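Look it over once, then read on.

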Amino acid sequence: MRRKLLILSLLALVIGGCTKPAIGNLYCQLSLQATLPDGRQAVSITVDPALPGNQLRNLNTGISYPFPTFVNNLGQVQVQKGVYVISFDGDALFADGSHATVRFSAYGTPATAVNLMGDTEVLDLKLTILR
């Protein structure tokens, strides 16, 4: 009886040891480069997470990530690799103290979603000025 138990234990150990370990990085360091149509540089752009259309969502997992605050038109966030829907309205603050509402919607639907599969990705977000 002990011998059978020992053989079964060794067999389970050998079978369990044959699985492949996960290879590669599961996360992507995403850089979001905002570009305004008039070429201005925003000191900061903040995105209100309460607005329902503002989304940085992984379609594979359903996980939504908060938008970073853009500083000098650049925002960075770490996300899990996958296919992403990205759209937002944000408040841009300029060096002269003026504000503008800006929008990005190019990746706003599953049909126009973007693949983020690299360890690092840079997206150029061409914003529109609403007011």
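This is a predicted model: local features need pLDDT of at least 70, side-chain atom pairs count only at pLDDT 80 or more; totals for chains, interfaces and linings use all residues.

Residues are numbered from 1 along each chain as its sequence is written, and side-chain values use heavy atoms, with hydrogens and water left out.

**The chain as a whole**

The protein chain holds one helix and ten strands. Helices (H or I, at least four residues) and strands (E, at least two) are DSSP runs, numbered from the N terminus. From that end the order is α-β-β-β-β-β-β-β-β-β-β.

The chain has 131 residues, and 32% of them count as buried. Buried means under 20% relative accessible area, exposed over 50%, and partly exposed in between (1.4 Å probe, protein chains only). The accessible surface of the chain is about 8300 Å², and 60% of it belongs to carbon and sulfur atoms. Such areas come from the Shrake-Rupley method with a 1.4 Å probe; for residues, only the protein chains shown count as cover.

Contact means heavy atoms within 4.5 Å. Among contacts between residues at least 6 apart in sequence, 69% join residues at least 24 apart.

| Residue | Relative accessible area | State |
|---|---|---|
| Ser31 | 11% | buried |
| Asn58 | 0% | buried |
| Pro66 | 62% | exposed |
| Val102 | 0% | buried |

Ser31 belongs to strand β1 (residues 27–35). Its side chain makes a polar contact with the side chain of Gln76, at 3.1 Å. A polar contact is a pair of N or O atoms within 3.5 Å; within protein, one must be able to donate a hydrogen and the other to accept it, and residues adjacent in sequence count only if both atoms are side-chain atoms. Leaving aside neighbours within four places in sequence, Ser31 is in contact with Leu74, Gly75, Gln76, Glu121, Val122 and Leu123.

Asn58 is part of strand β3 (residues 55–58). Its side chain reaches the backbone oxygen of Gln80 at 3.4 Å. A polar contact of 3.1 Å also joins the side chains of Asn58 and Tyr84. Beyond neighbours within four places in sequence, the contacts of Asn58 include Ile63, Lys81 and Val83.

Which residues does Pro66 contact, leaving aside its neighbours within four places in sequence? They are Leu56 and Val77. Pro66 sits in the loop between β3 and β4 (70–71).

Val102 lies in strand β7 (residues 99–107). The C-alpha atoms of Val102 and Asp89 are 5.6 Å apart, and the two are 13 residues apart along the chain. Not counting residues up to four places away in sequence, Val102 touches Leu36, Ile45, Phe88, Asp89, Gly90, Ala92, Leu127, Thr128 and Ile129.

**Aromatic rings**

Rings of Phe, Tyr and Trp (its six-membered ring) pair if their centres lie within 6.5 Å; planes under 30 degrees apart count as stacked, over 60 as edge-to-face and the rest as tilted. By this rule there are five aromatic pairs. Ring pairs link Phe67, Phe70, Phe88, Phe104 and Tyr107 into a cluster.
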